[in-house]
Amino acid sequence: MASHLKSIPPVAFYTAMPQLISRVVHRDQDTSCVVRGILQRVLSKFPRQAMWPLAWLRGSKNQERKQIGEEIFSYASKTLERQKTVKKVLDA
């Protein structure tokens, strides 16, 4: 899956976001990395739509989920900044 991730458009994963978010902390490290990569791409491509389902990660009481949420938003923010797109949407 990791090798084919870039060939699948981010919009294909948008409808699966609730399932992906629930598996962001997966016991298998490879699975967790793939899920994070997918969420980063979706948030970078569709920041206004994807930030709402992902926002609860940043406010989670589980520190691991909170840290992953911050990493996902940070990655997307940097990507949008490089693309000269609206960055302030993702800043808390």
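A residue counts as partly exposed when its relative accessible area falls between the buried limit of under 20% and the exposed limit of over 50%. Glutamate 70 has 34%, so it is partly exposed. This value, like the others here, comes from a predicted model.

Glutamate 70 has a partner. Arginine 58 forms a salt bridge with it, and the closest N and O atoms are 3.4 Å apart. Arginine 58 lies in helix H4 (residues 47-58) and glutamate 70 in helix H5, so the bridge ties together parts 12 residues apart in sequence. The arginine end is buried: arginine 58 has a relative accessible area of 19%.

The structure holds two salt bridges. The other joins arginine 36 to glutamate 71, with the closest N and O atoms 3.7 Å apart. This pair links distant parts of the chain. Arginine 36 sits in helix H3 (residues 29-45), glutamate 71 in helix H5 (residues 63-82), and 35 residues separate them. Arginine 36 is at 17% relative accessibility, so it counts as buried. Glutamate 71, at 32%, counts as partly exposed.

Now follow H5 itself. At 1.5 Å a residue, its 20 residues should span 28 Å. The end C-alpha atoms of H5 are 29 Å apart, which agrees. Asparagine 62 caps the N-terminal end of H5. One of its side-chain oxygens lies 2.9 Å from the backbone nitrogen of glutamate 64.

H5 also has a buried set. Among its members are Ile68, Ile72, Phe73, Ala76 and Leu80. Arg65, Ser77 and Thr79 are buried in H5 too. The buried residues of H5 pack against helix H2 (17-22), H3 and H4.

Conventions
Residues are numbered from 1 along each chain as its sequence is written. This is a predicted model: local features need pLDDT of at least 70, side-chain atom pairs count only at pLDDT 80 or more; totals for chains, interfaces and linings use all residues. Side-chain values use heavy atoms; hydrogens and water are left out. A salt bridge is a side-chain nitrogen of Lys or Arg within 4 Å of a carboxyl oxygen of Asp or Glu. Helices (H or I, at least four residues) and strands (E, at least two) are DSSP runs, numbered from the N terminus. Buried means under 20% relative accessible area, exposed over 50%, partly exposed in between (1.4 Å probe, protein chains only). The expected span of a helix is 1.5 Å times one less than its number of residues. Contact means heavy atoms within 4.5 Å. A polar contact is a pair of N or O atoms within 3.5 Å; within protein, one must be able to donate a hydrogen and the other to accept it, and residues adjacent in sequence count only if both atoms are side-chain atoms.
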